[in-house]
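Please work through the exercises below with the sequence and the structure side by side. Each task is followed by a solution that goes step by step.

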Amino acid sequence: MTAQLPKIEYSGPELCRLTACEAVELLKKGEVKPSELLEASLARIEQVEPKVNAVVTVCADRARQATQLLEDRKRGFGDGPGWLAGLPIGIKDLSHVSGVKTTFGTKGFADFIAKENDPLVDRLENNGGIIVGKTNTPEQGAGGNTFNEVFGMTRNPWDIRKNAGGSSGGAAVSLATGEVWLSHGSDLAGSLRTPAAYCSVVGLRPSPGRAGGGPAAAMFQNVGVQGPMARNIADTALFLDAMAGYDPRQPLSIEPPAEPFQKAVHEAESRVRIAWAPTLNGFAPIEAEIETVMRSALEKAERSGATVEEACPALSELEATYITIRALTWECGPGRLPEEIQRHHKATLAENIELGRNLTTRQIVDAERNRSVLYNSCREFLLDFDVLATAVVGLEPGPVEEEFPRSVAGIETRSYVDWLKFSFLSTATTLPALSMPAGFTKSGMPVGIQLIGPPRGEAKLLAVARAVEDAVGLAGLTPIDPR
């Protein structure tokens with residue numbers, strides 16, 4: 001038996017309790033103004049931030065100017081713009097927002113003000129997103145616990161003594177507490193997925209190019225991606241629709257699909273085919289309670305019409321492949337920053353950069369070849385299933401002061417990324433993956449389940465996730481007051 005749901009309390013503005021889809025519908029009908037939602041968001045931020053430290057830079061004046069422009073436009077031309085229609089959102093503090101501080105969580109950029117938007121931020125604003133603030137991240141986005149020397153630690157709202165995961169920890173907490181309706185994140189080693197699992201929200205790692213591309217200094221890298229976070233699957237699809245699109249400034253970006261992702265969610269059916277590999281065939285350890293919670297969620301999906309079969313694709317050389325492409329990414333990005341910036345880097349980040357610098361040509365070539373083998377293994381495997389279900393992480397959140405757990409299920413971790421091994425497969429193969437709520441531990445902490453979809457299969461992935469969400473019945477638990 002899984003644990004009972006923890007007691008939920010919420011004392012913020014009622015507007016903040018709306019789902020993103022509900023809020024956007026009201027915006028488009030003219031029943032609520034962008035400025036009303038913005039003031040509700042700012043009020044909630046003021047209310048909860050002292051306890052959680054999630055939205056670390058608030059850009060209220062910039063947001064008020066943007067809402068005024070939208071409201072003036074609506075009076076003059078009718079409909080609100082784009083998918084978001086004036087909805088306040090959060091942006092992770094790794095992406096530039098013009099005129100706003102972007103620190104990357106490192107002291108070397110503590111006072112840096114961006115002159116122009118990241119291309120994805122342009123797209124979101126053009127689609128009616130109102131940026132209310134920047135969310136906290138570990139230094140350069142490196143790590144599964146969100147803390148840095150610029151802003152400090154982000155705390156888990158389900159228990160503020162615990163960590164919120166990383167690196168999109170601020171984004172996840174901003175959603176779980178009702179500070180914003182949608183929050184942007186990014187993912188290299190589960191940075192969208194781990195915080196979602198730890199905060200009982202949804203984090204989607206899309207295919208490379210689906211939500212923009214790599215950073216300006218490494219436009220062709222496809223290991224780290226940006227993506228949406230939300231409180232439920234329908235809101236996640238809405239946010240992905242707002243993110244999707246081609247931009248010549250991002251050469252890996254791709255055109256949006258012919259039909260919106262929201263359509264797949266609205267038409268989702270319960271008869272889905274799920275492959276279930278709780279440990280990825282022994283690749284990563286997992287605490288018994290976490291597996292029990294996930295298994296219970298899938299049993300509920302089965303009772304609703306899903307087919308669940310224990311199966312796993314071959315994962316040849318997955319760990320070595322992932323570690324190599326990850327190290328190469330760090331050397332290509334933070335590893336090329338000026339020394340006056342890098343000298344502030346925490347030890348774990350510096351170690352990853354150094355690993356990238358010492359890679360041999362043979363290691364890089366082997367990793368690229370092995371990615372192809374892994375991709376084809378998963379592609380063929382997913383011809384028989386809609387998704388592969390596995391863990392997001394193998395244990396519940398630890399103390400906020402602990403950078404990473406020293407063991408999982410009694411097995412010692414060898415590095416600060418070793419406990420995030422469930423994230424490796426999607427990243428290495430470019431397959432879309434998401435984390436969604438599956439239940440709670442006996443201590444009252446959230447547990448997520450990871451669903452991995454077929455190549456560029458975000459629509460199918462979201463549809464299956466909606467079917468599981470309906471069966472499990474955890475949508476609507478957030479927002480909450482920090483406990």
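Predicted model: local features only at pLDDT ≥ 70, side-chain atom pairs only at ≥ 80, totals over all residues.

**Exercise 1: a helix and its end**

Solution: Next, apply the cut-off of under 20% relative accessible area for a buried residue, which gives a list including E458, L461, L462, E469 and V472.

**Exercise 2: salt bridges across the sequence**

Task: Among the 35 salt bridges found in the whole structure, work out which parts the pair E149 and K107 ties together.

Solution: The side chains of E149 and K107 meet in a salt bridge, at 3.8 Å from N to O. E149 lies in the loop between β4 and β5, while K107 lies in the loop between β2 and α4, so the pair ties together parts that are 42 residues apart in sequence. As for accessibility, E149 is exposed at 62%, whereas K107 is partly exposed at 43%.

**Exercise 3: the partners of R249**

Task: Is D247, a salt-bridge partner of R249, buried or exposed?

Solution: The closest N and O atoms of D247 and R249 are 2.8 Å apart, and D247 is buried, with a relative accessible area of 10%. R249 also forms a salt bridge with D122, at 3.1 Å between the closest N and O atoms.

Technical notes:
Residues numbered from 1 in each chain as written. Heavy atoms only, no water. Buried < 20%, exposed > 50% of the residue type's maximum accessible area, 1.4 Å probe, protein only. Helix = DSSP H or I, 4+ residues; strand = E, 2+ residues; numbered from the N terminus. Salt bridge = Lys/Arg side-chain N within 4 Å of Asp/Glu carboxyl O.
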